[in-house]
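My notebook entries are kept in the order in which I checked things.

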Amino acid sequence: MGDAADQFFVNLLHRAVGTLPAGLRPILSSLISVVAILSVFAFLFAVTTVLERKGLGRIQNRYGPNRVGPLGFLQPIADGIKSLTKEDIVPHSADRVVHFLAPLVLVFAAFSLYAVLPIGRNMVLADLNAGVLFFFAVSSVMELTIFMAGWSSRNKYSLLGAMRAIAQMISYEVPLILSSVTVVMAAGSLSTVDIVEKQAEYTGFFPHWFVFTPWGFAGFLLFLIAATAESNRSPFDLPEGESEIVAGYYTEYSGFKFALFFLGEYLGLFAISGLGITLFLGGWAAPFSFLTWVPSYLWFFAKLILLIALFIWVRGTLPRLRMDQLMNFAWKFMLPMALLNLVTTAVWHFLAQGVVRWVVCILMIVVAYVLLGRSLMHGSRLEKRVYRFAE
Amino acid sequence: MLFSIFAILTVAGAVAAMSFRNLVHSVLALTFAFAGLAAIYLLLGAQFVGLAQILVYVGAVAILIVFAVLLTRDDGTAPRSILSSSWKESAVVVLLVFGVLAWTISRSLVFGQGGGSLPRDVSMQEIGNALMQRFALPLEIVGALLTVAMIGAVTIAVNEKEERR
Amino acid sequence: MTSLAGCLLLSAILFAVGLAGALVRRSAILVLIGIELMLNAANLNFIAFWRYGPNPEALTGMMFVIFSIGVAAAEAAVGLALIIFLYRNKRTTDIDRVNSMRG
């Protein structure tokens, strides 16, 4: 029973494609999978926009949108109609071709990131030998589109926002890739399917997820911080900070193109969360061995929703980082920690199983964290927060 | 056939990159040419190299060139020609070079062979093994070279405001 | 024309285009772009010979290209740093104007 529910969509696909001529089967199978991915993640994007606004509203002690539909959950439809029917204003001196291409390339790149994420058992669109490398290659294309958007608008604020965004993204790409390399080292393969299969085993009750090891936990935290910065989300959203620079690199976009940018950004966020789940949280594997009867894709989406909720929570809670603080953090803190994490992974691999390697690895990471943190604070200390209310 | 399409796109991107007046357009056309080359590498079965080409060239070198273009902007005051002062001699040299290369290719034995499919796909483990065993020394040298280049680039381009007091 | 000859011809065309750009254009940055194109053409040559050559199991061509891509990125960084420095001193990237050392 469990296996039938687990492989439900795979069998559905096989049956649907089996009724068609044999020559077309691979192309049609890929086509149907692509359409499924597009629709599922576009629907997730719609749901996330409402959840984010309601979540942020509740954190800020107000209601989110609650007029359209029950509890406001039909808000994305209203937003979609609005952005589709708004006038598409292009500035007179803007570079029309590049201005038009930027959101298209962004959305195209964001959608192709999902090709290597295993959403369930046997449910990956393209089992590439170098899946993780493909992911990072395509996400580096997204940086260039942000530059295209900012530069083609011929607007000082857009260009400044684009430059900041690119500097931030290339700075945080290094710890992101380094923390993924630790997982690749531990799993011995660049293929996402292999990495998840390595984590789908259990000793007793507990899973072999990489996040439950010291280097995996540190790596996961580094990955999450770098992913927040890569997606230009708070607290790293200086390039598009609403109160700072109008709207950053998409100031001059209106209507449908703005909606495409929004879509592209959220899709990038989901994709990078998906990669974090694949690399550290065990992909589609269940957290305990007695829960494996739940279908694998449900676990993947549950973890994805958990990570999205975490991102929304962080957005509503932490203040924005300044540009120099952001860059210092990336180069002076995260890069050394990521390199040390790499060494810790190697030490973990070569020590024998038992308490010793846990103690050694935890010590390595914690001591480095404390020393680095202290040296970067330049003597200032954190004090208890004092609230001043208006009388 | 797919190869011809990507080849034409790559050459078109390269020619466009060399002939645009606006430098940013030129860089974007160059990026297009790089992407075309990456597609050709993937067609030839070199997966790692194709993806590394996108990651390094499109994701880093193109952005680097774009930053340099924006930092060295001419305000476009004098509408000069885009060609340098010695362009006629250069054109002759280029045609000579291309002639020699094309003649060599057409006269070599290469015209009769090549064109089979790869016996098997190259796995990442093989590349990793090669990098760690047979090519370990080049790997370390390239690492040292990249470090030196990074330090050198920062030293050359750093804005030395502290000296002019 | 076989695939190997096709690849080599494409590589020769790209090399010629890169060389033309490097020699004919006025801006220093375009010279660098031309150099990058030439490096890419050489990489394509290596990959073509790796694939259609006698010994694709040795991975030599592929390894050379991996190192070449890394070195090209470093060279682009240093070259662009030099151009930025030149611009800061001479206020121009026009290579015909940089002639103060002309004898």
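The entries below go from the conventions to the chain contacts, then to salt bridges and a helix pair.

**Conventions.** I am working with a predicted model, in which local features need pLDDT of at least 70 and side-chain atom pairs count only at pLDDT 80 or more, whereas totals for chains, interfaces and linings use all residues. Residues are numbered from 1 along each chain as its sequence is written, chains are lettered from A and ligands numbered from 1 in the order in which they are written, and side-chain values use heavy atoms, with hydrogens and water left out.

**Chain contacts.** I looked up which chains touch, taking contact as heavy atoms within 4.5 Å. Of the two pairs of chains in contact, B and C share the most contacts, while chain A and chain C do not touch, their nearest C-alpha atoms lying 14 Å apart.

For the pair of C and B, I noted 72 residues of chain C against 82 residues of chain B. Together they bury about 6600 Å², 77% of it on carbon and sulfur atoms, where buried area is the accessible area (1.4 Å probe) that two parts lose on being put together, summed over both. On the chain C side, C:Arg25, C:Arg51 and C:Phe67 supply 10% of the buried area, more than any other three residues.

For the pair of B and A, I found 23 residues from chain B and 26 residues from chain A in the contact. The buried area is about 2000 Å², with 78% on carbon and sulfur atoms; in chain B, the residues losing the most area to chain A are B:Leu51, B:Leu55 and B:Ile63, together 26% of what that side buries.

**Salt bridges.** I counted a side-chain nitrogen of Lys or Arg within 4 Å of a carboxyl oxygen of Asp or Glu. One within chain A joins A:Glu52 to A:Arg233, with the closest N and O atoms 2.9 Å apart. This pair links distant parts of the chain, 181 residues apart: A:Glu52 is in helix α3 (residues 25-59), and A:Arg233 is in the loop between α9 (214-230) and α10. Helices here are DSSP runs (H or I, at least four residues), numbered from the N terminus.

**Helix pair.** Finally I checked α10 (residues 256-279) and α11 (residues 296-317) of chain A, whose axes come within 10 Å and cross at roughly 120 degrees.

Terms used
Axes are lines fitted to C-alpha atoms, for helices over the stretch in contact, and angles run from 0 to 180 degrees between N-to-C directions. Helices (H or I, at least four residues) and strands (E, at least two) are DSSP runs, numbered from the N terminus.
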